[in-house]
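Let's take a walk through this model together, one region at a time. Have the sequence and the structure open as you read.

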Amino acid sequence: MAEKRFLAGVEYWRLSLVRTWRGQNTFGRAKWPILGGALVLLTGCSFFGNQPAPMKSSANTLYHKPVMQAQAPVVPPKWEMTIPDQPSIDLWVKRFSRDKHASVQTQLDRSRYYAVPAREIFERQGLPKDLVFVAMVESGFTPTAISHAKAAGMYQFIPSTGKRFGLEQSQWVDERRHPEKAAKAAGAYLSFLYDTFGSWPLALAAYNAGEKAVQRAIDQSGYKTFWELADHGYLPSETRDYVPKVYATIKIIRDPAQYGFQYDENRYVQRTDTVHIPGGVKLSWVSKKIGVPASSLQDCNPELCQPITPPGCSDYELCVPAGKGGDVLSALAEGPPKEEPREVKAVVASSNTITASVKARPGDSWVSLARKYKTSPKTLAALNHKSLSQPIKAGQTVKISTRQAPVAVASVSKKKNGGSAAVAAAPGKWKVSSVQKKPVQHVSYPVREGDTLWSISRKFGVSVKALCAQNELKPNQKLVPGSRLAIYAQGQEPAPKRRSY
C-alpha cells in the first residue's frame, strides 16, 4: 500500500509540472508542484521508514559494525584463593621441593598440631582455609618464635598490631604466642586487609610490609596489582618474595605428593585438653598432680611468660596433655594448692623493726609483697632500687623493710652473754641470718635550712639510698625546711641545734 501511494504521488507531481509549463495561471503553477512535492516527501518517508535495515552496504555507503563492550575480569569471592600463573611462584615451589625439602617437611610435620584448628577458625571467618599457611612462611608454625622486630608467635604480630586485634601482652601472658587466639587475630587482620585492598596478593603484601607501605606504593606508581608493583620495584625485596612464598606453600599443600612431601591433615589428633583453672596456680603443682613434666605443660601453654597461671584471673583456660583434663579437675576438687612456706632472711632485727630479704616466687608483685609484709608498694620498690613499672622476676631477691616484727616470728630469746635480742623463727618461716648488736632507733628529723640528703645521711650514718627508700624520695630531690624525715639509724637522735634569729 505504501509503495502504491508513493508511485501515485510521483505521477501527480509529473502531471503538475506539465500543466505549469503549458501556461496555466500563476496560482496553479505554484500550487500543484508544492503539493505534489509534499506528498512525495510524506509517502517517501513513510515508505522508507517501514523498510527493514539493509543487510549489506553498497560501495558508496559506510557500514559500522556493532561495538562490543569489554567485560570486567571476574574477581573470585573472598573465601576462594586461586593460585596465579606467575613465574615467581613456580620458582619458590622448586626451591621448597628441592633445596629446602628437609626443613619444609619438618615444618609440615609441626603444622599438624595447629593447622586443622586454625583452618576451622579461618573458615568460620569466611576466609580461604589454606590461608593459615601464612604461619608456615612467618614462623614455620613455631608458637614461641620471636623476630628481630619483636614480632612474636606463629603469625608474627608486632606488639602494636597484637594489641590492635585484642591479644593481651603482660608480664604473665603473651597471647601472640597462643595458637588459637593468634589464629583468630590473624584471620581478622587478613580479612581487614583484603577488604582494604581488594585482592589476596595485595593483602598478603600488606601483612608483610604494612598497610601504609603498600598504599604508598600504589599511590606513587599508579599500578593496581601486586605483580605490577613487584615487577617495577615499588615494594621491598622481602615483600616481593613473601607473597610468592605463601602461594608456593599453598600450591604444595594442595598436592604434597606431587612435590615429594608427606602431609595428610587427616592424621591430626588433638593433643591437648582445656581445663578452667584459677589464677596463681603453679605449673609445678599441676605437674605433680597429673604426673607430667612441667616442661610439657609449658609447651602446651606457650603464651605463659612464667610457669604460673596469671594471678588475679578467676578463670584461666589451661591446656594439658590429652586425657589429663579430668585429673586436673579432680585435683582442684580436693582443694586449691597451698602456698609453700617462704624462707625470709632477716638482716636487721630489733624489738620493733626487721629488714629482710625474700626470694620472689612466680606471681609475686610489688603490691602482693607490700600487702604481705605490711608496707607500701612504692617504698618496697624504692628499697630495691626499682620502679613500680618494673616487674618482679621469679627467683629475684627482694629486700623487705617492715616497721613491726611480722607475726611469722615465733619467739624472742636473749643470749646468755647479754647481747641483743635474736629472732627465733618457726620452721619454714622467718629465719635470722645475722643480728645487729645495737638497737635501731626511729628518728623523726625536722629538715633545717641548708640540709641535703647527703648531709643528713652523714649526720645519722645512713646511706642516701636508705633515706630515699624510707621516705619515698628521689636522690636528687630538694628538701623543704620544716618537713620531717623518718630515719632508722643506730644510736640516739642528735640534739637539734637552736637557730638564732
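This is a predicted model: local features need pLDDT of at least 70, side-chain atom pairs count only at pLDDT 80 or more; totals for chains, interfaces and linings use all residues.

Residues are numbered from 1 along each chain as its sequence is written, and side-chain values use heavy atoms, with hydrogens and water left out.

Let's begin with helix 8 (residues 179-197) and helix 9 (residues 200-209), whose axes are 8 Å apart and pack at an angle of about 125°. Helices here are DSSP runs of H or I with at least four residues, strands are runs of E with at least two, and both are numbered from the N terminus. Axes are lines fitted to C-alpha atoms, for helices over the stretch in contact, and angles run from 0 to 180 degrees between N-to-C directions. Helix 8 and helix 9 are therefore oblique to each other; angles under 35 degrees count as roughly parallel, over 145 as roughly antiparallel, 65 to 115 as roughly perpendicular and the rest as oblique. The contact (heavy atoms within 4.5 Å) is made by Ala186, Tyr189, Leu190, Leu193, Tyr194 and Phe197 of helix 8 with Trp200, Leu202, Ala203, Leu204, Ala206 and Tyr207 of helix 9. These residues divide into 12 nonpolar, no polar and no charged, where Ala, Val, Leu, Ile, Met, Phe, Trp, Tyr, Cys and Pro count as nonpolar, Asp, Glu, Lys and Arg as charged, and the others, Gly among them, as polar.

How does helix 8 lie against helix 10 (residues 211-221), and at what angle do they cross? Their axes come within 12 Å and cross at roughly 15°, and the two helices are therefore roughly parallel to each other. On the helix 8 side, Tyr189, Phe192, Leu193 and Phe197 make the contact, and on the helix 10 side Glu211, Val214, Gln215 and Ile218. This contact divides into 6 nonpolar, 1 polar and 1 charged.

Now look at helix 9 itself, which is mostly covered, with 8 of its 10 residues buried. Buried means under 20% relative accessible area, exposed over 50%, and partly exposed in between, with a 1.4 Å probe and protein chains only. The buried residues of helix 9 pack against helix 6 (134-139), helix 8, helix 10, helix 11 (226-231) and helix 12 (237-254). At the start of helix 9, a side-chain oxygen of serine 199 comes within 3.3 Å of the backbone nitrogen of leucine 202. After helix 9 comes glycine 210, whose phi is positive, near 105°.

Two single residues deserve a stop. Glutamine 390 sits in the loop between helix 17 (377-383) and strand 5 (397-402), and is partly exposed, with a relative accessible area of 35%. A polar atom of the glutamine 390 side chain lies 2.9 Å from the backbone nitrogen of serine 387. Threonine 379 is found in helix 17 and counts as buried at 15% relative accessibility. Not counting residues up to four places away in sequence, threonine 379 touches Ala469 and Glu472.

Our last stop is helix 13 (residues 283-290), where Leu283, Trp285, Val286, Ser287 and Ile290 are buried. Their cover includes strand 1 (272-277), helix 14 (294-300), strand 2 (316-321) and helix 15 (325-333). Helix 13 is followed by glycine 291, with a positive phi near 75°.

Technical notes
A polar contact is a pair of N or O atoms within 3.5 Å; within protein, one must be able to donate a hydrogen and the other to accept it, and residues adjacent in sequence count only if both atoms are side-chain atoms.
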